[in-house]
Amino acid sequence: MVSEPIMDIATRTLSMVVSTEDSGELTLELPRYMIDSGQQNSDTQLQVTIDGNPAEYEEGELITSAEDGSQSRQIRVFVPAGSTRLDVLGTQVLPNLER
């Protein structure tokens, strides 16, 4: 279960509480307008941590909304049993709030 998502604009980090009794895979859809990681019009790796430890993830195909054309990155990360916090660090977040 994922709850309490919080965006920290200063650190460009999306943090959330995870509650797990068993380990398993978590899939997140991350809208580019909220958080992204890129350099010179190319995607770069997001940084993902679980309980402060670096976590590997797999990135799915880019998702484009048929409604408005907005794009999201989809990531799948393994969450060990007993984990409590997941952080995703990007290079850019909520550009409309950074102005």
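Predicted model: local features only at pLDDT ≥ 70, side-chain atom pairs only at ≥ 80, totals over all residues.
Local features need pLDDT of at least 70, side-chain atom pairs count only at pLDDT 80 or more, and totals for chains, interfaces and linings use all residues. Residues are numbered from 1 along each chain as its sequence is written, and side-chain values use heavy atoms, with hydrogens and water left out.

Thr13 sits in strand E2, residues 13-18. Strands (E, at least two residues) and helices (H or I, at least four) are DSSP runs numbered from the N terminus. Thr13 is buried, with a relative accessible area of 11%; buried means under 20%, exposed over 50%, and partly exposed in between, with a 1.4 Å probe and protein chains only.

Leaving aside residues up to four places away in sequence, Thr13 touches Ile6, Met7, Asp8, Asp87, Val88, Leu89 and Val93; contact means heavy atoms within 4.5 Å.

| Atoms | Distance |
|---|---|
| Thr11 backbone oxygen to a polar atom of the Thr13 side chain | 3.0 Å |
| Thr13 C-alpha to Leu46 C-alpha | 10.0 Å |

Thr13 and Leu46 are 33 residues apart along the chain.

Five strands form an open antiparallel sheet in the order E1-E2-E12-E7-E8. Strand E1 (2-8) and strand E8 (53-54) are the edge strands, each pairing on one side only. Two strands pair if DSSP finds at least two bridges between them. E1 and E2 run antiparallel and are joined by five bridges; Met7 has Leu14 in E2 as its bridge partner. E1 and E2 form a hairpin with four residues between them, and Arg12 in the turn has a positive phi of about 55°.

Definitions and conventions: Polar contact = N/O pair within 3.5 Å; in protein donor to acceptor, adjacent residues only side chain to side chain.
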